[in-house]
Amino acid sequence: QAEDGIRDVAVTGVQTCALPISTGGPQALLTVLGALPETMTLPILVTQHMPPTFTTILAEHLTRAAKRPAREATNGMAVEAGNIYVAPGGFHMIVEAGDSAPKLRLTTEPPENFVRPAVDPMLRTVAAVYGSATLCVILTGMGSDGAKGSQSIADAGGTVIAQDEQSSVVWGMPGATAAAGTCSAVLPLTEVAPFITRCVAGRP
């Protein structure tokens with residue numbers, strides 16, 4: 001970890017990007033995903049604090065903005081290149097190792113951090129499956145969901161970044177993650193997509 005409390009960027013061969021988000025989320029997601037190159041095939045996992053139906057609509061908006069398929073996760077769905085997976089309202093979305101590709105599982109385990117879907121279950125399992133090949137980007141949101149999960153990713157050798165306070169609608173989730181000392185960078189929203197692109201290209 002660097003002396004200023006910011007971790008060195010650890011990602012080598014990024015295999016997935018986890019995007020936790022809450023208050024102010026949809027617009028931030030559209031901004032970030034819409035700015036990624038269409039050639040990027042990284043699978044992206046989104047947990048947004050939202051009730052059922054709204055997550056279906058969110059996936060439709062993301063498909064248009066990102067120019068790649070975005071879908072609500074279903075139980076047993078394989079994580080494939082070039083796709084965006086959104087945790088459906090009312091379910092935690094977790095990742096499990098599969099025979100040929102990691103798979104998504106939906107659970108109705110009790111809420112964590114007072115919400116379901118919660119970010120921490122996703123991040124714990126992403127860290128367990130993808131390890132150091134994980135890139136986690138914690139965007140605007142209320143509360144501290146994701147701060148503990150980001151520690152799992154940092155401990156596994158992955159890279160965590162957070163949106164900065166000035167560009168966040170609510171600097172709860174990214175602020176708590178930054179305070180936890182797990183971040184390699186704290187960035188304005190407009191710099192998030194370029195950072196992801198550089199990480200995937202191996203030049204953070």
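Tutor: This is a predicted model. Helix α4 spans residues 147–155, and its buried residues are A147, G149, S150, I153 and A154. These residues sit on the same side of α4, because they cover an arc of only 155° around the axis. The face turned away from that buried side carries K148 and D155, which are exposed.

Next, the surroundings of the helix. The buried residues of α4 pack against two other helices and two strands: α3 (119–130) and α5 (173–179), together with β7 (134–138) and β8 (159–163). Contact here means heavy atoms within 4.5 Å. After the helix comes G157, and the phi of G157 is positive, near 95°.

Now the cysteines. A search of the whole structure finds 0 disulfides. The cut-off matters for this result: a disulfide is counted when a pair of cysteine sulfur atoms lies within 2.5 Å. For C136, the closest cysteine sulfur belongs to C17 and is 7.5 Å away, so the two are too far apart for a bond. C136 is buried, with a relative accessible area of 0%. For C183, the closest cysteine sulfur is that of C136, at 8.3 Å, which is again too far for a bond. C183 also counts as buried, at 2% relative accessibility.

To return to the helix, α4 has A147, G149, S150, I153 and A154 as its buried residues, while the face turned away from them carries the exposed K148 and D155.

How values were computed. Residues numbered from 1 in each chain as written. Predicted model: local features only at pLDDT ≥ 70, side-chain atom pairs only at ≥ 80, totals over all residues. Heavy atoms only, no water. Buried < 20%, exposed > 50% of the residue type's maximum accessible area, 1.4 Å probe, protein only. Helix = DSSP H or I, 4+ residues; strand = E, 2+ residues; numbered from the N terminus. Arc of directions from axis to C-beta.
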